[in-house]
Every structure is written in C-alpha cells, then in structure tokens.
Amino acid sequence: MIRDQLTDALAAALDAAGIEVDRSRITLERPARREHGDWSANAAMVAAKAAGRPPRELAAELAAWLEEPANRPAHVERIEVAGPGFVNVHLAPSWLHDVLTEVVGCIPAELGASDDGAGRAVNIEFVSANPTGPLHAGHGRGATYGDALARLLERTGWQVTREFYVNDRGTQMRHYAASLAAAAAGQPVPEDGYRGEYITRWATELPSELADGPPPAADGDDVDPLLEWGLTRALDDHRDVLDLLGVHFDVWFSERSMVGSGAIDATLADLRQRGVAYDSDGAVWLRSSDFGDDKDRVLVRSGGEPTYLLPDIAYHRDKYGRGFALLVDVWGADHHGYVPRMAAALAALGHEPDSFEAVITQLVNLQRDGEPVRLSKRAGEIVELRDVVDEVGTDAARFTFLLQSVNTAQTFDLELAKRKSMDNPVYYVQYAHARIASIVRKAEGAGIERLPLEQVDLAQLTHERELALLRALEQFPEVVADAARTRGPHKITAWLRELAGRFHGFYHDCYVVADSVDPELTQARLWLVEATRVGLVSGLDLVGVSAPDAMDVLDDDQRAVD
RNA sequence: GCCCUCGUAGCUCAGUUGGAUAGAGCGACCGCCUCCUAAGCGGUAGGCCACAGGUUCGAUUCCUGUCGAGGGCGCCA
C-alpha cells in the first residue's frame, strides 16, 4: 500500500529533522481538491507546537528531505507545501496503473476483502417482525440493511449468521388469533385486536373447520389450531417476501422453543444467582439501573407470567451460548427505548458491553411522485413490502433502501424507484455495467482480443477520465473497511454512484473500440474497463444488487415521455 | 419533563479518527449525437452547514445551551 510507504517516509523525515511526535497523529488524507495532490499530510501542523517552529517552515524541511532521490518513495513525482503547512504529495500515473493490475488480479468477491473480523463469529439479527401480519415497507429497510451488513462483514473476515427471531408466543399472538376468528365469523375485531385489511383477507383462507370452530381459548399454553394456522400463514408470508427481496436467513429462532427447552427458567435462575434479580410487589425485577438503565425492569409479572423482556434476555443468552463474539441487533425506531435495558441485562449476565450492538433504523416515509402516501394507523393500514417489491423490483428496492444512512428518516419515492431513467441511482449504476458488457461485445464483434496484461502498455492510460476511474477503484478497499466498521452499507452505494459517474464520463470522452483509437490504447482501455467491471460487480454484490449485461431499451414513445 | 435519531443548495442526501475555496444527484437554465446505448456528457445559477457560546493553529465535524422535526419513555410487544 502506497499510503503506508508514504507514512513511513514521513516518519523518517520527522526523525531526520529531529522532531518527536506521536505517530498516530500523523495522517495522510486524500485532499478534496485535485490540485492539492494525491495525498496530503498534516504532520508539520501537528508537530509545529512541540517543535516550537512555524508549520510552513517545518513542512518545507520535510518536503525537501522527501524529495532527496535517496529518500523519495516510489511513484512520487513532486512534493509541495501549501496552505497552513500541508505537505502535498503528487504521484505519477504509474501508481494508478499498479492499482489496475491489482484490481484485475482479483475476482469481485475478493476485492476489498480483509481479515478485520479475524474469523470471529457474528450474529446479525434483523427483521424479527411479529408473526401477526404481513411485512410492511419499513421492514424492507431493516431487511436490506441487515443483509447488506452481513455481506460487508463477510467480506471483511467475519463468520456471519443471519437470524430472524420469531415471537411465536404471548399476548400479541392471542390477539391476532382472536382477530382472525372474529373476521371469519363476520364479527367486529376485538378491542385489542388487529384491524388491518389483511385480517379479513387471510380469514377467508381459513379451512372451514377452523373458521367455524369455537373461539380460541383466552389463555394458557394449550395448542390453539387457529393460532397455529395464523402463525404459519404469517411466517409463510415473511419468508416469501424476504425471498423476493433476496434476503435469506440461516436461523429462524422460535421464542416458543425456549419454553420447552427451559431456557427461560434457566435465564431467570442465572440472573438470580448473579444477584441482579430481586422480588418486590409480588413481581421479579431486574436490577438494570445498576447497569446503565433508567430504572429497574420487571421480568416476571405479579401474576406469574414473564414480561417480553425475560424471553428476550434468554434469547440473547442463547446466542452467546452458541459462541458468537458479537451480537448485532437491527431494530426499528420504535424500539430504540429498549436498547438500554437490553444492554443492561446482557451486562448483568457478565458480557462485555462491546459484544452487543443495537442498530436502530429510522422510519421510511413512502412517497409517490413527491406526494406522501398517507396511511391510517388506527385502521391498521400498511403498505405491504410485497407490494413495494412487486412494483419497483428487487434491485431497485434494495438499492433505494441502502441509499442513505439508517439513522436518518428515509423518503422512499415509489415512482422514482421504479423509473428507468438517470434520476434513479440504481439504473445509473447498472447502466454503467451494461455499457461495459456492450464494449466487450463490440470488441468481440470487431475481432479484437484482449491481450494478456503483461503484453499491454498501461502507460497509455493518461487521460484524466482514465485516471479518475482508477482513483475511485483505488479507494474501494478503504471504503469497504470503513463501511463494515461503521456498519454503514450506504457508503457502498455512494461509492458505486461515484464509480459509475466516472465511468460514464470516461465512456463519453474515451472510446475503447473505434477506428480513431490506436490499437495499443484500445488494449489498455479494455483492461481499464475490465477493472471497472470488477469494481462494479464487487460493490453491487455487497449490496445484493445484480449487474446486468444489458438494460431494457426504451422505445421512442417512452423516451419522449421522459 | 427525560431519553434517542436528526436539522447541510429549491428537492433527496453525502461529507473520510477536526483540515485548505462545504460536495453529488435531481429540478431550473445553456450547450454536446457521421463512431462502444444521449437511460449519457459538459457548463451556469443556487449555501449565515438551524441558532448562540466553548475547545483548537484550524469546527459542518468535538463539548454546552437554545429552537425546530420525528420517534421512545407500561407488571404492552
């Protein structure tokens, strides 16, 4: 890595100047402006105070030392001092030609790969919607985010398990079953019930012996056939829609399974043994306020029934028991208040605070051509995720959900997402890939074969468009590492848009296969195009979006409408 | 009242452990097709980075406060 070479050289220059400075404070950054060079160092400004000298004077000394032929790192063209004391390094294009060679030497799945995770096991739990109804549009964001994060962590050396927690017991399930029963009997949904449109729709699917049967038992753990049917119906829906979205789970973990296994009782016993649970007012409490929570929380109600918290703790205890070094939970915004008590509970069980992370995904506001899609929460109106995916397609849905950071509320415009035009980022990026395939076809059609890389003169690549493309590719490994570390897959879509943009500029200004292009240049450009293809496929793979070889061509009428 | 996430161009959003003249796309306006898909490319206009202090050589970034938006504060899940 040239960055490391430059950092080493800079440290040597500081040594030579007799200046001691904390090495970690010396950083090399990519300047925002091209004329500031390829890399910029702040070392002189950082060291100025300790050295008691003006930063620019120091910078000049460092620059002079680095320009000495004996000290000059590879590819360095010139070094300048600028601004308040930056040392700017300008590199020769040859360093980017080396980047090209590195990129085409990788298959897409290897590009940006690292060993940051060191093979540790991470469990990513996401979606985990209650099996009391269909997934809605908001779940799509969590589903896509969780899956993309999983892909990022896999790329960076983690062993990933994708997990869905099924809340298949408790009061919500009983309300759900009662709602189905009421709808089947043509009666109004009970006060605490679910009143979405899907209830009546699903009720019509009930087999007659269930639809006509007696109302479900009000409580108890007796098996209620109607509830079982409803559970299966909802889970089938979830699995099906997630499949459409290209999201697949390794584990569907049943809350109910922990009753039979004794995991819930064992967890309570564990908490008591650690002295972090106590009895008061007939209930059992968790001493969560000792672990950063606002107040203590009830684990078992005075009536003897556990709250939702206890099975959740048992569930996370189970995950630790399966050997995961890191647990990541992806939750909707309406659960963020739940984070401190969960973290407190896991700390109370003796786990490292860093081993549990909760990512909160903010809301998704649906729009259609700029107009908000209004829903009545009281009437239980939702936009089903299935409808979103059906309307805009898997690729567009995924890419759009991943366009921005999950900690800001998202505006998702259905019309924009499905539009096949330049204002839709997913098509902009995919179109770049299709253009590459088109160039390859064109070359084949012209009988031009791409020669082995070692026979090609990459020094032919000097056009600013060509270099800009290589600069974007050069950054990819860092972007991947950063996106994984900060749990931000939106940084991948941002990079893809950048790369695609630079490719479209190249495509416009630099023909690859044409009579006007020298054959040697064609060869170099064919390799540049191949490197770009590897980058696009690699990035698209991280977000689970396809890289098509051709796009549907709009006819003239449609184009005129655009 | 307390907590969480935010507040950046007309709109949707980026903004790299604090860096130089704050960016992209869309929208608006002006240009560009004998040649690999014009679903593209180039240019112009558009900003008190919500506001006020503080830390720093340097703050959109870190700290405090104010205002504004959304969400959360149950022996509900």
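## Exercises on a predicted model

In this predicted model, 5 residues of domain 1 are in contact with 5 residues of domain 2.

**Exercise 1. Locate the two domains of chain A and state what separation their centres have.**

Step 1. Take the bounds. The domain assignment gives domain 1 as 2-92 and domain 2 as 425-561.

Step 2. Take the centres over C-alpha atoms. They are separated by 33 Å.

Step 3. Domain 1 contributes 5 residues, and so does domain 2.

**Exercise 2. Work out how α19 and α20 are oriented to each other, and which residues meet.**

Step 1. Find the helices. α19 covers residues 490-509 and α20 covers residues 519-543.

Step 2. Read the axes. They come within 10 Å and cross at roughly 155°.

Step 3. Classify the angle. Angles over 145 degrees count as roughly antiparallel, so α19 is roughly antiparallel to α20.

Step 4. The crossing of α19 with α20 is left-handed.

Step 5. List the contact. α19 brings Ile492, Thr493, Trp495, Leu496, Leu499, Phe503 and Phe506. Among the residues they meet in α20 are Arg525, Leu528, Val529, Thr532 and Gly535.

Step 6. Sort the residues. This contact holds 12 nonpolar, 4 polar and 1 charged.

**Exercise 3. Determine the strand order of the open sheet of 3 strands, then its edges.**

Step 1. Write the order. It is β8-β9-β10, with antiparallel pairing.

Step 2. Find the edges. β8 (277-280) and β10 (297-300) each have a single partner strand, so one side of each lacks a neighbour in the sheet.

Step 3. Neighbouring strands are turned by 45° against each other on average, direction ignored.

Step 4. Check one pairing. β8 and β9 (residues 283-286) are joined by 4 bridges. Tyr278 has Trp285 in β9 as its bridge partner.

Step 5. Place the helix. α12 (residues 309-321) lies across β9 and β10. Its angle to β10 is about 80°.

How values were computed: Residues numbered from 1 in each chain as written. Chains lettered and ligands numbered in written order. Predicted model: local features only at pLDDT ≥ 70, side-chain atom pairs only at ≥ 80, totals over all residues. Heavy atoms only, no water. Pairing = 2+ DSSP bridges. Helix = DSSP H or I, 4+ residues; strand = E, 2+ residues; numbered from the N terminus. Axes fitted to C-alpha atoms, helices over the stretch in contact; angles between N-to-C directions. Contact = heavy atoms within 4.5 Å. Parallel < 35°, antiparallel > 145°, perpendicular 65-115°, else oblique. Left-handed = near helix turned anticlockwise from the far one by under 90°. Nonpolar A, V, L, I, M, F, W, Y, C, P; charged D, E, K, R; others polar. Domains from an automatic or database assignment.
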